[in-house]
Amino acid sequence: MKSSFINKESYTSQVVKVMEREIRSGALPPLSRLQSVRELAQRFDVSLSVIVSALNELEKQKLIYREPRRGVFVSSTASNPEVAEAFLLVFGSPTPSLFFERLLSVISSPANGGRVNFNLRTIMLNDEQFRNPECWQPLLETEFSRLRQLQHADCILMLGGDRMRQGEIRTCLGLPKPTLFLGHFPEGDFNDFEYNRLGFINGHFVPMAERIRQCGFKRIGVLTLENCMGSAHFREEFEPFAREMAGDGREVRLIGEKRARHPNGTPPEREAAIDRLLDGFDPEVVIFDTLPHAPASIALLRERGFIPVEGEREIYLDLASGSMHPGNEPGVRRSLFSAASQEALHRHLLDTVIRLAAGEFQGFHSNYRYEHLLFQ
């Protein structure tokens with residue numbers, strides 16, 4: 001591109017106008033990679049410094065973004081600047097997560113209506129690595145370094161806070177964009193520094209308690225993962241249920257299974273946990289809380305003489321366990337999302353992300369309680 005202007009600023013302005021027009025018209029599609037600085041300089045017949053200045057201006061307008069060692073790309077929201085751009089970092093175990101599945105459904109939900117564009121990055125570790133901070137902390141630091149260079153996103157969402165201690169959380173606060181932690185911290189919330197967190201409370205113990213009263217059950221066994229028992233999240237859900245049951249003269253036995261997963265079938269730790277639950281205790285209800293392999297676990301109970309019968313002996317599955325069970329088994333009841341509960345979750349999370357991107361939150365802590373759940 002030849003120009004009659006003689007100062008560098010005018011050359012830069014012309015390059016910006018041409019590239020902005022190409023981006024907004026779709027001639028340069030979203031997420032497409034731009035030519036190199038040298039190639040652009042040859043195309044426009046200007047110096048390298050002019051192209052660098054033009055790219056800096058386009059980046060300020062959120063029309064492009066840079067990825068270290070990969071290049072410069074057109075922003076996915078370049079053609080519609082009203083759309084919020086959210087970078088979602090999922091850090092965790094490859095074991096299927098109900099909440100991760102819910103989050104993916106939010107991304108593709110009609111409730112989004114094009115209001116938020118999610119860029120997803122996942123870092124998955126095997127279970128042994130996930131239990132060892134020396135393995136995953138360096139990876140987290142590497143991701144933090146990448147996020148500090150992030151320019152095109154309006155906000156950052158972090159899923160995996162259930163493994164983060166105060167040090168990692170503080171490090172996240174130095175990121176260049178508003179950051180929202182999704183889930184619950186193992187140590188509970190902190191009061192000596194500000195951060196944004198949105199947690200989720202299943203609320204499945206409420207319909208379970210109603211069913212227990214309806215049937216007049218007196219002895220209740222609860223199986224969960226051992227590492228969940230000390231978390232603030234579990235205590236907030238389970239302890240009111242246990243107090244309520246004890247106040248009615250009912251006995252509740254809580255057993256924690258050591259965290260160990262096996263890809264082929266039910267882990268032996270599950271058998272040990274069930275044996276401990278039934279040792280000297282004859283429950284009328286067994287509740288599975290956050291446990292995979294529900295069908296195999298029910299089979300283990302049957303082998304040990306706990307045969308579910310409607311209204312006499314029953315098994316209750318929480319949201320995570322219930323989603324992994326086919327249903328229609330006498331004496332087995334599941335907590336599931338209804339269409340209303342799913343739509344409400346989608347709208348709440350999307351509205352929260354939009355407000356985060358607009359800079360409305362500072363020191364925001366909230367727990368969203370699922371409502372309108374099915375228990376069938």
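**Entry 1: a loop aspartate**

Is Asp-318 buried or exposed? I looked it up in this predicted model, and Asp-318 is buried, with a relative accessible area of 1%. That value falls under the 20% cut-off, so Asp-318 counts as buried.

Next I asked where Asp-318 is found. I located Asp-318 in the loop between S11 and helix H13, which covers 319-322.

I then listed what touches Asp-318, leaving aside its neighbours within four places in sequence. The contacts are Asn-202, His-204, Met-208, Phe-288, Asp-289, Thr-290, Ser-323 and Ser-335. I also checked Arg-334: Asp-318 and Arg-334 are 16 residues apart in sequence, and their C-alpha atoms are 6.3 Å apart in space.

I turned to S11, which spans 314-317. Which residues of S11 are buried on each side? I noted Glu-314 and Tyr-316 on one side and Ile-315 and Leu-317 on the other, all buried, with both faces of S11 covered.

S11 has a partner in S10, and the two pair in the parallel sense over four bridges. Here Phe-288 stands opposite Leu-317 in S11. Phe-288 was already on my page, as one of the contacts of Asp-318.

S11 also pairs with S12, again in the parallel sense, over three bridges. In this pairing Tyr-316 stands opposite Arg-333 in S12.

**Entry 2: the whole sheet**

How many strands form the open sheet, and in what order? I counted six, in the order S9-S8-S10-S11-S12-S14, and the pairing is mixed. The edge strands are S9 (251-257) and S14 (374-375), each pairing on one side only.

At the S9 end, I found that S8 (residues 219-225) and S9 run parallel and are joined by seven bridges. I picked out Leu-223, whose bridge partner in S9 is Ile-255.

Then I looked for helices on the sheet. Helix H8 (residues 205-215) packs on the sheet and touches S8, S10, S11, S12 and S14. The direction of H8 makes about 170° with that of S11. Helix H11 (residues 268-278) lies across S8, S9 and S10, and runs at about 160° to S9.

**Entry 3: a pair of helices**

I moved to the part of the chain with helix H2 (residues 37-44) and helix H3 (residues 48-60). At what angle do H2 and H3 pack? I read about 110°, with the axes 9 Å apart. H2 and H3 are therefore roughly perpendicular to each other.

On the H2 side of the contact I wrote down Val-37, Arg-38, Leu-40, Ala-41 and Phe-44. They meet Leu-48, Ile-51, Val-52 and Leu-55 in H3. By type, the residues of this contact divide into eight nonpolar, no polar and one charged.

Between H2 and H3 there is a loop, and Asp-45 is found there. Most residues other than glycine have a negative phi. Asp-45 is partly exposed, with a relative accessible area of 38%.

**Entry 4: a glutamate and a hairpin**

I looked up Glu-22 in helix H1 (residues 8-25). At 19% relative accessibility, Glu-22 counts as buried, since the cut-off is under 20%. Beyond its neighbours within four places in sequence, Glu-22 is in contact with Ala-27, Leu-28 and Arg-43.

Strand S1 (residues 64-67) and strand S2 (residues 71-74) pair in the antiparallel sense over four bridges. Arg-66 stands opposite Val-72 in S2. The hairpin of S1 and S2 has three residues between the strands, and there Arg-69 takes a positive phi near 65°.

**Entry 5: the chain as a whole**

I finished with the totals. The secondary structure comes to 14 helices and 14 strands, and 49% of the 376 residues are buried. Among contacts with a separation of 6 or more, 68% are between residues 24 or more positions apart. The accessible surface comes to about 17700 Å², and 49% of it belongs to carbon and sulfur atoms.

How values were computed. Residues are numbered from 1 along each chain as its sequence is written. This is a predicted model: local features need pLDDT of at least 70, side-chain atom pairs count only at pLDDT 80 or more; totals for chains, interfaces and linings use all residues. Side-chain values use heavy atoms; hydrogens and water are left out. Axes are lines fitted to C-alpha atoms, for helices over the stretch in contact, and angles run from 0 to 180 degrees between N-to-C directions. Angles under 35 degrees count as roughly parallel, over 145 as roughly antiparallel, 65 to 115 as roughly perpendicular and the rest as oblique. Contact means heavy atoms within 4.5 Å. Ala, Val, Leu, Ile, Met, Phe, Trp, Tyr, Cys and Pro count as nonpolar, Asp, Glu, Lys and Arg as charged, and the others, Gly among them, as polar. Two strands pair if DSSP finds at least two bridges between them. Buried means under 20% relative accessible area, exposed over 50%, partly exposed in between (1.4 Å probe, protein chains only). Accessible areas come from the Shrake-Rupley method with a 1.4 Å probe; for residues, only the protein chains shown count as cover.
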